[in-house]
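Please look over the fold with me. My notes follow, in numbered points.

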Amino acid sequence: MVGPARPLFVLFGSSIVQFSFANEGWGAALADIYSRKADILVRGYSGWNSRRALQVINQVFPKDAIQQPSLIIVYFGGNDSMGPHPSGLGPHVPLPEYIENIKRMATYLQDLSESTRLIFLSCPPVNEDMISGTSSGIFCPLVRTNELCHQYSEACVQVCKEMDIKVIDLWSAIQIRPDWRTACFTDGIHLSSEGSIIVVEEILKVLKEADWEPSLHWKNMPTEFSESSPFDLVSSEMKSTVNISEFTFHREKQWN
C-alpha cells in the first residue's frame, strides 16, 4: 500500500474489463479522470463467465479486507450468452442460471460494506459479420449473436432494477450510434476507443445522477494534495503561482 489512502474503484469482469486499459479503453480513461481522486483497480478475467466469477468472488473481494471498495463496476454476460457447445464444454450459461448468478454476485458485493456502491454493465451488442471474418482457427466456431446478447442484457437490467442496483444498458447505449457496428469494436466483440467512450460517458452519467453520499462523481471528489504552494508554476504576472491540480488541459476529450 501507498498513501494517502484514496477511495478504491474496482472493475470486475471478463475480457471487456481485462482489456479496458488497451486501445484507449474505458478503464484507462477512468484512471485518468480519477487521477488524484480514486484508485482504479482492474480485476478482469478474459473468457470468464458468471459461474467462474462466483467461484472466486470471495477471493477477489474478501469480506475481512482492511479497505473495501467505494465502487465496484461489474460486467459478466458476453461469454455466458454464447450458444451452448454439444460437448457441454465452454462458457455458455443458461439464462435462468445467469439471472441467479447475477443476483448472488450482487448480494455478496452489497454485503461488503454499507458504503460500497455497485454499477452493473449489461451485455453489449456484437457485430456478427466482423466476428465471422476474424476467426483465428484456434477456437471452434463461436456462437455469438446480437439476439442472444440482447436477452442476457435485458435479464441483467431487470435483475438490477429489481434489486435497486445501478445498471447501464450497454446493448442499447452502444447501438444509439449509427455506425456502431464498425466504429465500436476491434473484432466485433471487444471495444474500440470509440466504444469505450460510450461506456465512460454512461458510467459518469450514473455517478453524476446518483444520490450517493459521498458523491463518487469526479467533479465532486477532493483532489489529493490540492493546496496551493509557492512551489507551483509561476503566473504570467510573475507575482504569484498557479495551482494546476484541477487542470484538465491534457485531455483530448473533456468529460462531464
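1. Contact here means heavy atoms within 4.5 Å. Among contacts in the chain with a separation of 6 or more, 75% join residues 24 or more positions apart.

2. This is a predicted model: local features need pLDDT of at least 70, side-chain atom pairs count only at pLDDT 80 or more, and totals for chains, interfaces and linings use all residues. Residues are numbered from 1 along each chain as its sequence is written, and side-chain values use heavy atoms, with hydrogens and water left out.

3. The chain holds nine helices and seven strands (DSSP runs numbered from the N terminus: helices H or I, at least four residues; strands E, at least two). Its C-alpha trace spans about 75 × 40 × 30 Å along the principal axes.

4. Of the 256 residues, 46% are buried (under 20% relative accessible area, 1.4 Å probe, protein chains only).

5. The largest nonpolar core has 43 residues (a nonpolar core is a set of buried Ala, Val, Leu, Ile, Met, Phe, Trp, Tyr and Cys residues joined through side-chain atoms within 4.5 Å). Those with the most contacts inside it are W26, L30, Y34, I73, I119, L121 and I203. Helix 9 gives the most to this core, seven residues. Elements that each supply at least two include strand 1 (8–13), helix 2 (26–33) and helix 9 (193–209).

6. Which residues does W26 contact, leaving aside its neighbours within four places in sequence? Among them are L11, I73, L121, V199 and I203.

7. Another core lies apart from the largest one. It has 31 residues, including A53, V56, I57 and V157.

Note on methods
Buried < 20%, exposed > 50% of the residue type's maximum accessible area, 1.4 Å probe, protein only.
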